[in-house]
Amino acid sequence: MKLGFFTMPMHPPGRDYTQTLKEDREAVLLADRLGFAEAFIGEHVTDVCESIPSCLSFIASVAYDTKSIKLGSGTVNLPNSHPAQVAAHVAMLDHMLEGRFIFGIGPGGLRSDWEAFGNLEQDRNAMFVEAIDHILALWAEDAPYRRKGRFWDITTEKTLIREAGQGVMLKPYQQPHPPIVVTVVVPHSKGLVAAAQRGWTPITANFLQPHWAATHWPMYEQGCALGGRKAERADWRIAKSIFVADDDATARRYAKRADGAYGFYYWNLLTKRKGHGNVDIFKHDPGMLDDGVTVEYLLDRLVICGTVSSVVDQLLAFREQVGDFGTLLYAGHDWADARLARRSMELMAEKVMPAVNAAIRSEPQKV
């Protein structure tokens with residue numbers, strides 16, 4: 001199992017934005033130094049807590065300061081931008097990273113972004129599909145392009161000067177394009193079936209109950225079968241909120257308190273979900289009352305924390321629940337205590353993952 005990193009990010013609104021940007025950047029650079037395989041960065045435009053408005057710009061800021069880690073958009077919310085702009089930016093970034101880029105895409109999950117971009121009442125899934133179809137075509141086809149769509153038309157026919165480069169789109173470094181991933185939140189996701197059919201791979205969100213996370217694998221298998229390929233467990237990424245400390249008391253104080261960094265994260269998500277009347281994805285039992293979904297409940301059921309040995313045991317138990325998967329994405333949280341946050345990442349990379357992988361290697365081989 002590989003170790004990766006995923007951050008939305010999520011910071012309390014009173015924190016200094018200049019400082020949190022530096023910390024978000026430092027977290028990615030630290031992940032690279034510690035040997036994390038991947039790091040995914042989210043984006044939201046109208047949110048001072050989820051405060052990176054352009055994941056592509058942020059990734060560009062660390063591109064030349066990282067050595068081996070692959071960097072992914074987590075995700076580019078396609079209905080919020082023109083497909084030609086996204087295609088050009090991603091192509092440039094793929095060259096900056098010389099193939100270390102992973103193209104995470106989605107329709108966007110923040111309602112205030114939808115409203116700001118005039119998409120609140122639009123069919124955003126249709127916009128998402130049309131946008132990625134345009135992007136892939138712009139990378140595959142030659143100018144002047146002749147793209148007609150419901151939401152966007154794209155051509156450079158009237159202005160093409162091929163010999164001077166005008167009207168011609170950049171192609172990515174990776175051919176035919178960077179690998180494409182999608183973040184999956186909904187249990188039994190039909191969207192995952194469609195994504196897998198197209199050759200895209202999933203990231204299961206860290207705020208999904210384990211038994212709902214487990215429903216993503218059969219949907220991925222189904223989509224791969226429809227696409228004529230075999231589903232590989234190694235291609236499945238699962239994000240998880242984890243905190244590792246040198247002693248259990250410190251771990252619980254930092255990651256299990258409602259007024260802590262992890263508590264703020266889940267309070268924020270819960271508040272936004274309550275805002276549009278849907279907290280069902282947080283429930284371990286669909287029959288439980290909404291009032292039972294509290295911050296304390298989410299911290300208890302969704303956050304893994306403790307000493308190295310305790311976290312190893314919890315991760316192996318989690319893997320037993322959801323099934324085998326290829327990459328564990330350590331979810332980024334606010335650095336309320338930067339020293340402890342760094343230490344958690346260090347322990348995760350240097351102690352926890354080697355022990356987890358040793359345990360996996362010692363398992364009896366399945367026939």
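Biologist: Where is the place of A231?

Modeller: A231 is in the loop between α8 (216–226) and β8. Keep in mind that this is a predicted model.

Biologist: Is A231 buried or exposed?

Modeller: Buried. Its relative accessibility is 14%, and the cut-off for buried is under 20%.

Biologist: What is A231 in contact with, leaving aside its neighbours within four places in sequence?

Modeller: W217, Y220, E221 and C224.

Biologist: And how are A231 and R150 separated?

Modeller: They are 81 residues apart along the chain. Their C-alpha atoms are separated by 33 Å.

Biologist: On to β8. How many residues of that strand are buried?

Modeller: 8 of the 8, spanning residues 237–244. So β8 is largely enclosed by the rest of the structure.

Biologist: Which residues of β8 point one way and which the other way?

Modeller: R237, A239, S241 and F243 point one way. I238, K240, I242 and V244 point the other way. All of them are buried. In a regular strand the side chains alternate between the two faces of the sheet.

Biologist: Which strand pairs with β8 over 2 bridges?

Modeller: That is β7 (residues 201–204), in the parallel sense. T204 stands opposite I238 there.

Biologist: And which strands have 4 bridges to β8?

Modeller: β10 (residues 327–331) pairs with β8 in the parallel sense over 4 bridges. R237 has T327 as its bridge partner in β10. β9 (residues 303–306) is also joined to β8 by 4 bridges and runs parallel. There, the bridge partner of S241 is V303.

Biologist: What about helix α11? Which of its residues are buried?

Modeller: V295, Y297, L298, L299 and L302, in a helix that covers residues 295–302.

Biologist: What covers the buried residues of α11?

Modeller: The cover includes β8, α9 (248–255), α10 (261–275) and β9.

Biologist: Switching to aromatics. How many pairs does the count come to?

Modeller: 17 aromatic pairs. Take F318 and F325: their ring centres are 6.2 Å apart and their planes are at 75 degrees, so the pair is edge-to-face. Both F318 and F325 are buried.

Biologist: Which residues do ring pairs link into a cluster?

Modeller: W217, Y220, W236, F318 and F325.

Biologist: Where does the charged end of R124 sit?

Modeller: Over the ring of W114, 3.4 Å from the ring centre.

Biologist: Now E50. Where is E50 found?

Modeller: In the loop between β2 (38–41) and α2 (55–62). E50 is buried, with a relative accessible area of 3%.

Biologist: Which side chain does the side chain of E50 make a polar contact with?

Modeller: H44, at 3.2 Å. Beyond four places in sequence, E50 touches M8, P9, M10, H44, L110, N268 and K272.

Biologist: What is phi of E98 and of Y145?

Modeller: Positive in each case. Phi of E98 is near 50 degrees, and phi of Y145 is near 65 degrees. E98 lies in the loop between α3 (83–96) and β5 (101–106). Y145 is found in the loop between α5 and β6.

Biologist: Are E98 and Y145 buried or exposed?

Modeller: E98 counts as exposed at 56% relative accessibility. Y145 is buried, with a relative accessible area of 2%.

Biologist: Last topic, the whole chain. How many helices and strands does the protein chain have?

Modeller: 13 helices and 10 strands. Buried residues make up 54% of the 367 residues.

Biologist: What radius of gyration does the protein chain have?

Modeller: 21 Å. With 367 residues, a compact globule would have a value near 21 Å, so the chain agrees with that. Its C-alpha atoms fill a box of roughly 65 × 50 × 45 Å along the principal axes.

Definitions and conventions. Residues are numbered from 1 along each chain as its sequence is written. This is a predicted model: local features need pLDDT of at least 70, side-chain atom pairs count only at pLDDT 80 or more; totals for chains, interfaces and linings use all residues. Side-chain values use heavy atoms; hydrogens and water are left out. Buried means under 20% relative accessible area, exposed over 50%, partly exposed in between (1.4 Å probe, protein chains only). A polar contact is a pair of N or O atoms within 3.5 Å; within protein, one must be able to donate a hydrogen and the other to accept it, and residues adjacent in sequence count only if both atoms are side-chain atoms. Contact means heavy atoms within 4.5 Å. Two strands pair if DSSP finds at least two bridges between them. Rings of Phe, Tyr and Trp (its six-membered ring) pair if their centres lie within 6.5 Å; planes under 30 degrees apart count as stacked, over 60 as edge-to-face and the rest as tilted. A charge sits over a ring if NZ of Lys or CZ of Arg is within 6 Å of the ring centre and within 35 degrees of the ring normal. The radius of gyration is taken over C-alpha atoms; the globule rule is 2.2 Å times the number of residues to the power 0.38.
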